[in-house]
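User: I would like to learn how to read the features of a predicted model. Please take me through one.

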Amino acid sequence: MVRVGEQKCPSCSGKLKYFDRVYRIVRTKYRKTEWIDIRRLKYIKCEALDRELH
């Protein structure tokens with residue numbers, strides 16, 4: 001996972017670009033459920049995918 005604002009891959013030093021979004025269910029206290037969307041980013045050089053951590 002990468003943090004919001006990070007721009008480079010730790011292994012290839014390639015730049016990130018937006019790829020898509022995935023939706024996940026999060027259970028909170030008292031079993032309340034919420035849907036959150038997580039951005040997936042792609043490294044240009046090595047073409048690996050990573051998720052953005054808020």
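**Confidence, pairing and surface**

Analyst: pLDDT is the predictor's confidence in each residue, from 0 to 100; strands are DSSP runs (E, at least two residues), numbered from the N terminus. This is a predicted model, in which local features need pLDDT of at least 70, side-chain atom pairs count only at pLDDT 80 or more, and totals for chains, interfaces and linings use all residues. Residues are numbered from 1 along each chain as its sequence is written, and side-chain values use heavy atoms, leaving out hydrogens and water.

User: What is the mean pLDDT of the protein?

Analyst: Where pLDDT is low, predicted coordinates should not be read in detail. Here the mean is 84, and 93% of the residues reach 70 or more.

User: How many bridges join strand 2 to strand 3?

Analyst: Two strands pair if DSSP finds at least two bridges between them. Strand 2 and strand 3 run antiparallel, joined by 11 bridges; Arg27 has Thr33 in strand 3 as its bridge partner. Their hairpin has 5 residues between the strands, and Tyr30 takes a positive phi near 65 degrees there.

User: In which sense do strand 3 and strand 4 pair?

Analyst: Strand 3 pairs with strand 4 (residues 49-53) in the antiparallel sense, over 3 bridges. The bridge partner of Leu41 in strand 4 is Asp50.

User: Is Trp35 buried or exposed?

Analyst: Buried means under 20% relative accessible area, exposed over 50%, and partly exposed in between (1.4 Å probe, protein chains only). Trp35, in strand 3 (residues 33-43), is exposed because its relative accessible area is 62%.

Notes: Helices (H or I, at least four residues) and strands (E, at least two) are DSSP runs, numbered from the N terminus.
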